[in-house]
Each structure stands twice: as structure tokens, then as C-alpha cells.
Amino acid sequence: MRKFFCSIILPALLAACASTGTPPTPKEIPPRPAREDITSFIFDGRAVVRQGQKADTMRISWQHSPAEDDIGFANPLGHVMAELQRDSTGARWTTSDGERYEARNPDMLIARLTDAPVPIDALALWVTGRVRADAAVQRDDLGRIVQANDGGWLLSIQSYENEMPNAMPSVLDVRRGTLQIRLAIEVWQL
């Protein structure tokens, strides 16, 4: 049994760990559309949610379109903890234990994770490197957002996936009061 594990299972596990944690190189990243043309996206990544002295680390998978959101939250090992869904009928928060909560919009349901409402519509803009029209913005030499104050939320985009003007954010930080959400986006699908 040990020989089987060492010769078959261990190399497969190591290969899986190596392939899933490696972000694509700049050559592998396809050209991106203009930011204002992005209406739908899918991404996988990691998140750290800090609230005062408390911090939670998790995996996040988000599928967004104008009509729907499906955001999955998992522990760092990939065990699903909860799912937040939004569509024309409202929003639902479902835990891995089968608990289910409903609301008209997802902002209040995300508070089950963050202890405070988070504007999901604005967050969908922020992760794509955009802000609402009335936000105060600081940009880099390529015209990409570096920092912004959007409705009292402080957005800081720490890095982009490459040096192209339409590159997607890879690490961003949003803060309001004692709440900080840091996202490291590993895989984009546009």
C-alpha cells in the first residue's frame, strides 16, 4: 500500500498542488476587453476578511452577470462553507450545514460573513478595476485605478495581472471602518 501511495498518489497530489496554485504567466494571459465592456466575469481566488482583531482566510469563486451572482466561499483546503446567490427573485445565503437565509439584495446577506453590509454591485466593479461615476480616483501611468474612495469605501488595487492597460486586478483591498477585505484573484474568465 505504501509503495502504491508513493508511486501513484503522491506524485498526483504534488502535481495538483503545483498546477492549481500557479497563476498564469503574462504570455498565457489573453488580451482583455476594454473595462467598460465587461459585464460578466468568473474568477477564483483567495480572500482575507479582517474585522478589528478577527481575520478569516478563505477561497472564493465568483460568477457574475448583470442578472445573477453566484459567490462560493470555501475554507483554505477547499471545503465549501457557504454560497451567496442573487437573481431577479432576490438573494439567498446557504451554508454547508443547510442553513438558508433570504433577502431582497445580497448586501445584507454578505454581512453573515463580514458582520457589515458590503455593496456587491460596487464590489463587482472594483474587482474589474472600475468604480462608480462619483468616486474620487487616483490612476497609474496606464490609466488604471490604483486607489479610490467610492461611496466611503477605500479601494486600493495592489497589482494587476500584467502591464497592459486592460489587465485585470490581481490583488485588491477594500476598507470601510474596521472592515477590510483583501482579494487575491488567481484565475480570470471574461
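**Exercise 1.** Which residue lies over the face of Tyr101, and at what distance from the ring centre?

*Solution.* The model is predicted: local features need pLDDT of at least 70, side-chain atom pairs count only at pLDDT 80 or more, and totals for chains, interfaces and linings use all residues. Residues are numbered from 1 along each chain as its sequence is written, and side-chain values use heavy atoms, with hydrogens and water left out.

Apply the criterion: NZ of Lys or CZ of Arg within 6 Å of the ring centre and within 35 degrees of the ring normal. Arg112 is the residue over Tyr101, at 3.5 Å from the ring centre. Arg144 has its charged end over the ring of Tyr160, 4.3 Å from the centre.

**Exercise 2.** Classify the ring pairs that Phe41 forms with Phe43 and with Trp62.

*Solution.* Rings of Phe, Tyr and Trp (its six-membered ring) pair if their centres lie within 6.5 Å; planes under 30 degrees apart are stacked, over 60 edge-to-face, the rest tilted. This rule gives 7 aromatic pairs. Phe41 and Phe43 are 6.0 Å apart, centre to centre, with 15° between the planes: stacked. For Phe41 and Trp62 the centres are 5.3 Å apart and the planes stand at 75°, so this pair is edge-to-face.

Now place the second pair. Phe41 is in strand S1 (residues 41–51) and Trp62 in strand S2 (residues 54–64), 21 residues apart. Strands here are DSSP runs (E, at least two residues), numbered from the N terminus.

**Exercise 3.** Is Trp62 buried or exposed?

*Solution.* Buried means under 20% relative accessible area, exposed over 50%, partly exposed in between (1.4 Å probe, protein chains only). Trp62 has 1%, so Trp62 is buried. Phe41, at 3%, is buried as well. Phe43 is also buried. Phe41, Phe43, Trp62 and Trp188 form one aromatic cluster.

Methods:
Helix = DSSP H or I, 4+ residues; strand = E, 2+ residues; numbered from the N terminus.
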